[in-house]
Amino acid sequence: MTAPLNLIGPQVRSIRVQNGWTQENLAAKLQVEGWDVSRESVAKLEAQFRRAPDCELLFLAKVFAVKVADLFPANLDLKKLDPSLRLKVSTKFPRRTKSRPSQ
């Protein structure tokens, strides 16, 4: 099995099902709010096959009428997160150093 790419997928699925919505219904509701998302993208999110940017959390919380924190697993132990969930710091753009004035 592929390592999960987000923490919220199972909760999104659970809340969606509790509301009696299909993935297509959820995608349509999110689109009305301004997020151009497909049913396939919702499916990948729920299956944890893609990452979830922070702005998507806001859309999901609004459509579900829940707090953003409700999208995450209860009693989450951050020390036990799968390493695949941790993004590596980009080395594409090196860290800037403050230049010192010449003396």
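At what angle do helix α2 and helix α4 pack, and how far apart are their axes? Let's find out by clicking through the model.

**Before you click**

This is a predicted model, where local features need pLDDT of at least 70, side-chain atom pairs count only at pLDDT 80 or more, and totals for chains, interfaces and linings use all residues. Residues are numbered from 1 along each chain as its sequence is written, and side-chain values use heavy atoms, leaving out hydrogens and water. Helices here are DSSP runs (H or I, at least four residues), numbered from the N terminus.

**Stop 1: α2 and α4**

Select residues 23–33 for α2 and 54–64 for α4: they pack at about 110 degrees, with axes 10 Å apart. The axes are lines fitted to C-alpha atoms over the stretch in contact, and angles run from 0 to 180 degrees between N-to-C directions. That makes α2 roughly perpendicular to α4, a label for angles of 65 to 115 degrees. Now show the side chains in contact (heavy atoms within 4.5 Å): L26, K29, L30 and E33 from α2, and F59, L60, K62, V63 and F64 from α4. Colour them by type and you get 6 nonpolar, no polar and 3 charged residues. Nonpolar covers Ala, Val, Leu, Ile, Met, Phe, Trp, Tyr, Cys and Pro; charged covers Asp, Glu, Lys and Arg; the others, Gly among them, are polar.

**Stop 2: α2 and α3**

On the α2 side, pick Q23, E24, L26, A27 and L30; on the α3 side, pick R39, V42, A43 and E46. This contact has 5 nonpolar, 1 polar and 3 charged residues.

**Stop 3: S41**

Stay in α3 and click S41. S41 is buried, at 18% relative accessible area; buried means under 20% and exposed means over 50%, with partly exposed in between (1.4 Å probe, protein chains only). Its side chain joins that of R50 through a polar contact of 3.0 Å. Such a contact is a pair of N or O atoms within 3.5 Å; within protein, one must be able to donate a hydrogen and the other to accept it, and residues adjacent in sequence count only if both atoms are side-chain atoms.

**Stop 4: α1**

Finish with residues 9–18, helix α1, where G9, Q11, V12, I15 and R16 are buried. What covers these buried residues includes α2, α3 and α4. Turn to the other side of α1 to see V17 and Q18, which are exposed.

Terms used: Helices (H or I, at least four residues) and strands (E, at least two) are DSSP runs, numbered from the N terminus. Angles under 35 degrees count as roughly parallel, over 145 as roughly antiparallel, 65 to 115 as roughly perpendicular and the rest as oblique.
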